[in-house]
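Here is a short briefing to read alongside the model.

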Amino acid sequence: ILTAKHVILIAEDKITVSQQFRQLVVLGNIPNRTMSPASIRQNFHEDCEKSLNKQINMEMYASYTYISLYSYFIQHDKALHGFAKMFFKSSQEEREHSMLLIDYQAKRGGKVVMEDIKKPEIEFSTAKDAVEVALKLEKEVNQSLLDLHVIAGEKGDGHLADFLEEHFLKEQVESIKEIGDLVTKLEMAGDGLGVIYIDNELKEKYGKE
């Protein structure tokens with residue numbers, strides 16, 4: 001049974017512990033277990049870090065846009081599954097690009113900042129229109145990467161420049177050429193059976209991947 005004397009002693013003990021804790025904080029004797037987020041950072045300018053986050057968002061937006069195109073072609077009144085498979089594959093690739101950039105940002109000691117992904121603002125009514133949308137998108141992504149490459153050069157970040165050249169810039173040029181060729185084929189095919197023929201080609205190509 002607690003008596004009034006016991007309650008007073010317990011209260012005094014708590015006050016003593018509290019005072020000791022405050023003394024430790026004031027004297028700086030409590031070990032700081034917070035690791036510096038910049039402990040591995042070297043020759044990595046803030047402008048490069050910000051531009052990398054911008055590019056991550058750009059790649060996610062591109063993936064989102066390709067999914068929108070995919071969803072259009074799987075509708076029952078379109079049924080162009082070759083085009084759908086191509087755009088689905090493109091969406092996966094753009095998402096993989098964003099993950100590659102996220103991993104790289106972390107390796108350089110930067111902080112990944114995820115922003116809202118804007119809604120795709122695209123208009124099209126034919127397969128050719130959709131592919132032209134994809135061509136415009138790839139050019140925008142490529143320009144964004146080129147801008148990032150310029151910033152890396154200005155800040156003397158050779159590692160970032162090499163990373164972009166190895167994993168992105170060459171692939172973007174190839175993608176733009178491939179989509180441009182597809183636009184040309186669709187122009188020659190017209191809106192009739194030629195589109196079905198091209199769709200079957202795409203179905204065979206991307207169905208195996």
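In what order do the elements of the protein run from the N terminus on? They run α-α-α-α-α-α, and this is a predicted model. The secondary structure comes to six helices and zero strands.

**The protein as a whole**

- The protein has 209 residues, and 34% of them count as buried.
- Its accessible surface comes to about 13600 Å², and carbon and sulfur atoms hold 55% of that area.
- Among contacts with a separation of 6 or more, 79% are between residues 24 or more positions apart.

**H2 and H3**

- Helix H2 covers residues 46–73 and packs with H3 at an angle of about 165°, the two axes being 8 Å apart.
- Because angles over 145 degrees count that way, H2 is roughly antiparallel to H3.
- The handedness of the H2 and H3 crossing is left-handed.
- H3 has 27 residues, which at 1.5 Å a residue should span 39 Å; its end C-alpha atoms are 39 Å apart, so the two values agree.
- Just after H3 comes Gly109, with a positive phi of about 85°.

**H3 and H6**

- The axes of H3 (residues 81–107) and H6 (residues 193–207) come within 6 Å of each other and cross at roughly 45°.
- That angle makes H3 oblique to H6.
- H3 passes H6 in a left-handed crossing.
- On the H3 side, the residues that meet H6 are His81, Gly82, Phe83, Lys85, Met86 and Lys89.
- Their partners in H6 are Val195, Ile198, Asp199, Leu202, Lys203, Tyr206 and Gly207.

**H4 and H5**

- H4 and helix H5 (residues 158–189) have axes that come within 9 Å and cross at roughly 160°.
- H4 is therefore roughly antiparallel to H5, since the cut-off for that term is an angle over 145 degrees.
- This crossing of H4 and H5 is left-handed.
- Gly156 follows H4 and has a positive phi, near 70°.

**Asn142 in H4**

- Asn142 sits in H4, the helix of residues 127–154.
- Is Asn142 buried or exposed? Its relative accessibility is 13%, and Asn142 counts as buried because the limit is under 20%.
- Which residues does Asn142 contact, once its neighbours within four places in sequence are left aside? They are Leu169, Gln172 and Ile176.

**Positive phi in the loops**

- Asn43 lies in the loop between helix H1 (4–27) and H2.
- Phi of Asn43 is near 50°, a positive value in a residue other than glycine.
- With a relative accessible area of 48%, Asn43 is partly exposed.
- Ala79 belongs to the loop between H2 and H3.
- Ala79 also is a residue other than glycine with a positive phi, near 50°.
- The relative accessibility of Ala79 is 38%, so Ala79 counts as partly exposed.

Conventions:
Residues numbered from 1 in each chain as written. Predicted model: local features only at pLDDT ≥ 70, side-chain atom pairs only at ≥ 80, totals over all residues. Heavy atoms only, no water. Helix = DSSP H or I, 4+ residues; strand = E, 2+ residues; numbered from the N terminus. Buried < 20%, exposed > 50% of the residue type's maximum accessible area, 1.4 Å probe, protein only. Contact = heavy atoms within 4.5 Å. Areas by Shrake-Rupley, 256 points an atom, 1.4 Å probe, with all protein chains shown as cover. Axes fitted to C-alpha atoms, helices over the stretch in contact; angles between N-to-C directions. Parallel < 35°, antiparallel > 145°, perpendicular 65-115°, else oblique. Left-handed = near helix turned anticlockwise from the far one by under 90°. Expected span 1.5 Å × (residues − 1).
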